[in-house]
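Me: I am new to this structure and would like to learn how to read its features. Please take them one at a time, with the general idea before the case.

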Amino acid sequence: MMKSVLVATAFMAMTLGATASAQDAKFAVVDVGAVFQQLPEREQISQSLQREFSDRIENMQQREQEIGQLQERIQRDEEIMSEDEYNQAMMDFQQRVQEAQQAGQQLNEEMRRRQGEERDRVLRRMQEVIADIAEEEGYDVVLEANGIAYARDGFDISSRVLDAMGND
């Protein structure tokens, strides 16, 4: 998403350069990453996702505890188990470990996907806010602050973006 912002910004800058001189253009910069990190909504999203996945996380923790108990039982009773009992217990243990690993990977992937969806939603809204501020204040080009070598503080509209997003 950040790369597409930089590419779009660079394209806009080139296009504007072809139609207007740099002296006539009004520029601003915004630190998208810093704004995102400071959003109060970010913590709300985190808590919401935690609630969304809490049952599955609890289930995974319970599985891990059961696997640990089974491993302890096998180690403790290995000497008194018959070979068949030991082999069956080890097969059960390995199967549970494999199932837990697969379920854990699936859960992690789903959590990453949902975090990405929420991050993208916030970034899209941020793009809209940036565009609104640019339109209202007459900026011709708004650049990502991390993609430029230098800009005076007066060009940075990050705090205005953060304020506007907090007021939504």
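Reply: Start with burial: a residue is buried under 20% relative accessible area, exposed over 50%, and partly exposed in between, using a 1.4 Å probe and protein chains only. By that rule, buried residues make up 29% of the 168 residues in the protein chain. This is a predicted model, in which local features need pLDDT of at least 70 and side-chain atom pairs count only at pLDDT 80 or more, while totals for chains, interfaces and linings use all residues. Residues are numbered from 1 along each chain as its sequence is written, and side-chain values use heavy atoms, with hydrogens and water left out.

Me: How many helices and strands does the protein chain have?

Reply: Helices (H or I, at least four residues) and strands (E, at least two) are DSSP runs, numbered from the N terminus. Here there are five helices and two strands, and their order from the N terminus is α-β-α-α-α-β-α.

Me: What span should H4 have, and how far apart are its end C-alpha atoms?

Reply: The expected span of a helix is 1.5 Å times one less than its number of residues. H4 has 55 residues and should span 81 Å; its end C-alpha atoms are 79 Å apart, which agrees. Just after H4, glycine 138 has a positive phi of about 75 degrees.

Me: Is aspartate 132 buried or partly exposed?

Reply: Aspartate 132, in helix H4 (residues 83–137), is partly exposed because its relative accessible area is 46%.

Me: Where is methionine 81 found, and which residues is it in contact with beyond its neighbours within four places in sequence?

Reply: Contact means heavy atoms within 4.5 Å. Methionine 81 is in the loop between H3 and H4. With a relative accessible area of 14%, methionine 81 is buried. Apart from those neighbours, methionine 81 is in contact with Arg73, Ile74, Tyr86 and Ala89. Across the protein chain, of the contacts between residues at least 6 apart in sequence, 84% join residues at least 24 apart.

Me: Which residues line the second largest pocket?

Reply: On a 1 Å grid over the protein atoms alone, a pocket is an open set of points where a 1.4 Å probe fits, with protein on both sides within 12 Å along at least five of seven lines; lining residues have an atom within 4 Å of a point. The lining of the second largest pocket consists of Phe36, Leu39, Glu41, Arg42, Ile45, Ser46, Leu49, Gln115, Gly116, Glu118, Arg119 and Val122. Helix H3 (40–77) and H4 each supply at least two of the lining residues.
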